[in-house]
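Hi,

Here is the structure I promised to send over. Have a look at it first, and then read my notes below.

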Amino acid sequence: MNVVYADNNATTQVAKKVLDEMLPYLETYYGNPSSMHTFGGQVAKNIAMAREQTAALLNASPEEILFTSCGTESDSTAIQAAIKSNPDRKHIVTTRVEHPAIKNICEHSAKNEFHVTYVPVDENGTLDLDYLYKNLTDDTAIASIMWANNETGVIFPVEEIAAKVKEKGIVFHTDAVQAVGKIPIDLKNTEIDMLSLSGHKIHAPKGIGALYVKKGTKFSPFLIGGHQEKGRRGGTENVASIIGLGTASELSKNLMEEENTRVKEMRDSLEKGLLERIDNAIVNGGKEKRLPNTTSIAFEYVEGEAILLMMDEFGICASSGSACTSGSLEPSHVLRAMGVPFTAAHGTIRFSLSTYNTMEEVNFIIEKLPPIIEKLRKMSPFWKKNQ
Ligand SMILES: *Cc1c(COP(=O)(O)O)cnc(C)c1O
């Protein structure tokens, strides 16, 4: 079956160039980079190269990049490092719309003597900055604010926030997993202390991530073991995937332009085409600055899960809310935080495109989805009641 993959915020296809660069490290150069012999030790040079490539994408220095196993590990590491390095501070500031990788570590910390402030958003997904700034105290160990939301694509002004947070001497972290490779990031000119990214959201494989730790930031390792990553993250390096992340970072620099032109045009066409053909459809976060590839559309009075199943018959892949919330019937916490009415949150579908999509695929979705919504609405008791 032909797959129309419009779920790139969940994961992306590994780029051919990334795979090609990785394979030699699985087939031939399998030595341990920590070994004394040349066969193993030579691989360390390639890791150093990948670190440079990853740093370059962020305009950071290679020493500021730590390789991890995923975006989730980077997020957990950042929170734990800030907490451990500031032992008398017991307060965390974050938002109500974070990815579970931040949301759940904060909730977990709240069970262990920490108190957490969740900054609200309005119906457009705009963050309440006054609320954020008012809640920064002498007790705050870290403020962790995502750069771009995975469900709606809404972008937060993290550079501006970081500056305010640093004025108060508080550590600032951002989960930039969705922002990296889609919007320009220049860390040399920001007050951001730590930043998380993940390989599989930028056409590298799953199971590789990175954490940027600004020079001079107090740090405490999350994985304690060998001396790898200068003692900041124990465990033998995932060499092939590190090479893959470096290559993907290199590719991202060029892809960014395309994300903001061709990919954005496809997203805009998709949105326009669907809104023209389907009544009672609203773009969640549509009034805010958004990622160029993402659209979250609420089709009122229908079930998102039912839409997904019917699109699946045509090979169309998308998400209802975030991948992590589908499977449960609770509307996503992001849409709830935005105050999206129940009848709209339940019928929300997120489409997220990438450079591998084509306008033909976009038109295919525009052709197939309207009759699906019509059919489901005919069966919906809510729809009838409201007509
Ligand atoms: C995907 C994602 C993560 C988690 O990254 P993994 O590599 O899958 O652990 C964290 N934050 C955001 C915003 C994401 O989209």
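At 6% relative accessibility, threonine 12 is buried. Keep in mind that this is a predicted model. You'll find threonine 12 in the loop between β1 (4-5) and α1. Its side chain has two backbone contacts to look at. A polar atom of the threonine 12 side chain lies 2.8 Å from the backbone oxygen of histidine 200, and a polar atom of that side chain is also 2.8 Å from the backbone nitrogen of histidine 203.

**The ligand**

Histidine 200 turns up again here, this time through its side chain: an N or O atom in it is 2.8 Å from an oxygen atom of the ligand. The protein covers 90% of the 380 Å² of accessible area that the ligand has on its own.

Which residues come closest to the ligand? Of the 13 that surround it, the closest are Thr72, Asp175, Gln178, Ser198 and Lys201.

- Threonine 72 has one 2.6 Å from an oxygen atom of the ligand.
- Glutamine 178 has one 2.7 Å from an oxygen atom of the ligand.

As for the make-up of the shell, seven of its residues are polar, three are nonpolar and three are charged. The element that gives the most to this shell is helix α4 (residues 71-85), which supplies three residues.

Next, have a look at β10, which spans residues 294-299. Six of its six residues are buried. In a regular strand, side chains alternate between the two faces of the sheet. For β10, Thr294, Ser296 and Ala298 sit on one side and Thr295, Ile297 and Phe299 on the other, and all of them are buried.

What does β10 pair with? Strand β9 (residues 281-283) runs antiparallel to β10 and is joined to it by three bridges. There, valine 283 stands opposite isoleucine 297. Strand β12 (residues 348-352) also pairs with β10 in the antiparallel sense, over five bridges. In that pairing, threonine 294 has serine 352 of β12 as its bridge partner.

Strand β3 (residues 91-95) is another one that is mostly covered, with five of its five residues buried. His91, Val93 and Thr95 point one way from β3, while Ile92 and Thr94 point the other way, and all are buried. Here the pairing is parallel: five bridges join β3 to strand β4 (residues 115-119).

**Aromatic pairs**

How many aromatic pairs does the structure hold? There are four, and I'll go through two of them.

One is tyrosine 301 with tryptophan 383, a tilted pair at 5.8 Å centre to centre with 55° between the planes. Tyrosine 301 lies in the loop between β10 and α9 (304-312) and tryptophan 383 in helix α13 (residues 381-385), so this pair ties together parts that are 82 residues apart in sequence. Buried or exposed? Tyrosine 301 has a relative accessible area of 13%, so it is buried, and tryptophan 383, at 16%, counts as buried too.

Another is phenylalanine 314 with phenylalanine 364. Their ring centres are 6.4 Å apart and the planes meet at 85°, so the pair is edge-to-face. This pair also links distant parts of the chain, 50 residues apart: phenylalanine 314 is in the loop between α9 and β11 (316-317), and phenylalanine 364 is in helix α12 (residues 359-379).

**One more thing: aspartate 20**

Last stop is helix α1 (residues 16-27), where you'll find aspartate 20. Aspartate 20 is partly exposed, with a relative accessible area of 40%. Although aspartate 20 and threonine 247 are 227 residues apart in sequence, they are 9.7 Å apart in space, C-alpha to C-alpha.

Cheers

Technical notes:
Residues are numbered from 1 along each chain as its sequence is written. This is a predicted model: local features need pLDDT of at least 70, side-chain atom pairs count only at pLDDT 80 or more; totals for chains, interfaces and linings use all residues. Side-chain values use heavy atoms; hydrogens and water are left out. Buried means under 20% relative accessible area, exposed over 50%, partly exposed in between (1.4 Å probe, protein chains only). Helices (H or I, at least four residues) and strands (E, at least two) are DSSP runs, numbered from the N terminus. Two strands pair if DSSP finds at least two bridges between them. A residue is near a molecule or strand if one of its heavy atoms lies within 4 Å of it. A polar contact is a pair of N or O atoms within 3.5 Å; within protein, one must be able to donate a hydrogen and the other to accept it, and residues adjacent in sequence count only if both atoms are side-chain atoms. Accessible areas come from the Shrake-Rupley method with a 1.4 Å probe; for residues, only the protein chains shown count as cover. Ala, Val, Leu, Ile, Met, Phe, Trp, Tyr, Cys and Pro count as nonpolar, Asp, Glu, Lys and Arg as charged, and the others, Gly among them, as polar. Rings of Phe, Tyr and Trp (its six-membered ring) pair if their centres lie within 6.5 Å; planes under 30 degrees apart count as stacked, over 60 as edge-to-face and the rest as tilted.
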